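Please look over the sequence and the structure shown here before reading the report that follows.

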Amino acid sequence: MTYLRRSTPLHAARSSAAIAWCAALVLAAFTTSNPLVVATLAIVVLIAGAAASVGRRVTRSLLLSLPMAVAIVVINALVAREGLTVVARLGNGGPFGQLDITAEALAFGGEFALVLIVVMEVAVLASAAIDPDEVLRSMRRVSFRSALTATVATRMVPLLALDSRRIGDAQRCRPKPGGRLAIVRAVTANALDRSLDVAATLEVRGYGGAQRPRRLARALSRHDIAFFCSAALLAALSLAWPASFSYYPTIEAGSAVHAIVLAGALALAALLPFTQRRGIER
Amino acid sequence: MKVLELRGVTYTYPGAAGPALRDVSLEIAEGEFVVLAGTSAAGKSTLLGVASGLVPHFHGGRFDGRAEVCGMDLRQSGPALLAAEVGTLFQDPETQVVMGTVRAELAFPLENHGHGPVAVARAVEEVALALGIEALLERSTAELSGGELQRVALGAALAGRPRLLVLDEPTSQLDPVAGDELLALLRRLNEEWGTAILLAEHRLERCLAAADRVIAVEGGVLACDAAPAGFLAWARSERPELETPAAALIAGLGIAAPAPAGVKQARAALRSAGLLPEREPPPVEVPPPRRRRADPAAVLRLDRVWHELHEGRAILAGISLQACAGERIVLLGRNGAGKSTLLRHAAGLLKPTRGRVQAVGRVALLLQNPGDYLVHERVAEEAGRAALEQAGLWHAAQRHPRDLSGGERQRLALAIVSEGEPPPALLCLDEPTRGMDRAAKAALAAELERRSREGAAVIVATHDPEFAAAFATRAVLIADGRLIADGAPAELLSGGWYFATETARVLGGHAGILTAAQAIAHLRPSGAVLEPQS
């Protein structure tokens, strides 16, 4: 979950535009209940990941979320009681009563799992493609010290991971490695030492007397405009023109044409900003 | 105009038995380049802490006396206020970078001081150009090498154009090339920007030539405050371990000239005494290292070892190397050349992606940070009595390992990895002399020599050519994961610019001489006192 600097339109957009676009995708996933639209969004985020040169990461997040998605479908099928179309009777489930698996519960679980997949994909895409320094810099105007603490904590995580690996290697070099507790103690003590060093650095960089930064007036780039417009369009489409789909007590799908058109429009709105490749630093 | 003025400063850390600084009075004027010299724990870092305001504001403790930094009273102004006038750079580059990208890192101190976005952007561009790191501006700080990180940290310290720059052994983790580049940069800043520099450094031979003044600290007291030549004369009589090789050479030859602060002055003194060897023609092309035949006495054999990163570069690219019992090998090369990886392969911490590693007997590896080995509450729990006695640490058996000095920690870690039966057939040490003073380095060299006499092969990766010359019987140079030279230290450490001792640079690589003692024996066999020729 670390930021990867790449030469892509999403990376070139300012953080507020990129965040707005990611938030609009999540909003679209939550406002629609149509599985076709949500599945389209999941594919759109995969394509966006590839266009942002972080496709491998987004695909990995999809694979990691699959077991969780399956678990959601299974659990929902076992606990949901609202559906009427029974597809399997599992008999008496003890404290859970009669276990009847319904098509409605399976479909609702599947749709909810798809939403979860979209959210995870978007989260990974955002962490890989939105500069955290820029996000925190913009947040600093709201709460300087909280944002800075978050920055430093973010910086400490890989540092401490590196230290733990180093201490682990050193222990492997000992003829008699120290016990697990002793190693945990050493890692903790080392983390405290590191924190002190970083705190000293913050002091000599003037953190103790830090002042609220002034606003930076920056002209909107073509990528900023494209992602802001895309976000607005995604939000408008998903809020104003949702594709209806209800699961309980029986599955009631709205117009298929409506769902297909909406899915196509959302995909187009989300992916169009990636076609603009001018003004991207190499 | 003074940038630092101390009057009778005495300072004691919280819980310490005695003061770290005692009645220190000194002044540093604007534009001065001052080097702080002294053995480990002499009080150099504490003095730097006073200049940056960390002492007493960050560390606490008892502070007596008066200190003014750039006209600000230290009692009223903490490090954050002083940071507007004082830039600070510590030893460890990793803990000095707090932001995610280089641009954000350089902007950070300026934003803290409330500069506007335009001023910040301009200052960031300027400091990046001045330090030659403009190509790094958009890079993530997590991707940078040690040398690059140290430059970025220096950039952050300089971004606000401070009047005083305080540096605590900034080159200790850098290879000779990066170290020399950093020192050249400091010299330029001092000359062109007029920034006063206060630099603590153990390897004095690297920085005295640039210095206007040298202040020696001993036991928290100022022992000497003089121009470099005066300091070297004082060191010769009072603290020989602080004397540079070039100064020892000129004094040892009995040349009646001021002690030289650097190679240029030493060469001039030798020339005036008629002792500077004729400039030798450039060496004929050195043949590439030949593949040695398998030696039956070898305790380590690396056969065309590759270490290739997944979707990344090759850290080791087909290295073949063998080490025999009793050999003392030094591995040289720039940061990232592959030295540490090679040692990890030797110790079995890594598996080669191609090639073969064969070790006969036990391999002990001491990694860069000896503190990583120390996990218990008492020294006695870390190693057995015999090992502690051999390391000269039995007296400290009941102390906490983290309370030991740097040299003692190093000895303890060495005792830990080499403890047990059978004793290690191969001892590998990765950068063991970082932050060590000369006395501690000499003690370590003697200890490694003792172990090699007892039959162990020793391999040391180091950036310190002086230590390499004192310790090694064989030198290996690595670049980009390839072994590019393998021979006697006299061949390898005498002819180069960076991987050469100061004596070798003074003599221009003459006769493979590496140390002042060798040079004195070679140039003045008669023992006559030499006067400069008019």
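Which helices of chain A do the buried residues of H10(A) pack against? They pack against helix H2 (15–31), helix H3 (35–51) and helix H9 (222–240) of chain A.

This is a predicted model, in which local features need pLDDT of at least 70 and side-chain atom pairs count only at pLDDT 80 or more, while totals for chains, interfaces and linings use all residues. Residues are numbered from 1 along each chain as its sequence is written, and chains are lettered from A and ligands numbered from 1 in the order in which they are written.

Helices are DSSP runs (H or I, at least four residues) numbered from the N terminus. A residue is buried if 20 or more other C-beta atoms, placed from the backbone, lie within 10 Å of its own, and exposed if 12 or fewer do. The buried residues of H10(A) are Ala259(A), Leu262(A), Ala263(A), Leu266(A), Ala269(A) and Ala270(A). Seen down the helix axis, they fall within an arc of 135° (taken from the directions from the axis to the C-beta atoms), so they line one face of H10(A). On the other side of H10(A), Val257(A) and Gly264(A) are exposed.

Turning to the two chains, 40 residues of chain A are in contact (C-beta atoms, placed from the backbone, within 7 Å) with 44 residues of chain B. The largest share of the chain A side, twelve residues, comes from H8(A). By class, that side divides as follows.

| Class | Residues of chain A touching chain B |
|---|---|
| Nonpolar (Ala, Val, Leu, Ile, Met, Phe, Trp, Tyr, Cys, Pro) | 20 residues |
| Polar (the others, Gly among them) | seven residues |

Terms used: Helices (H or I, at least four residues) and strands (E, at least two) are DSSP runs, numbered from the N terminus.
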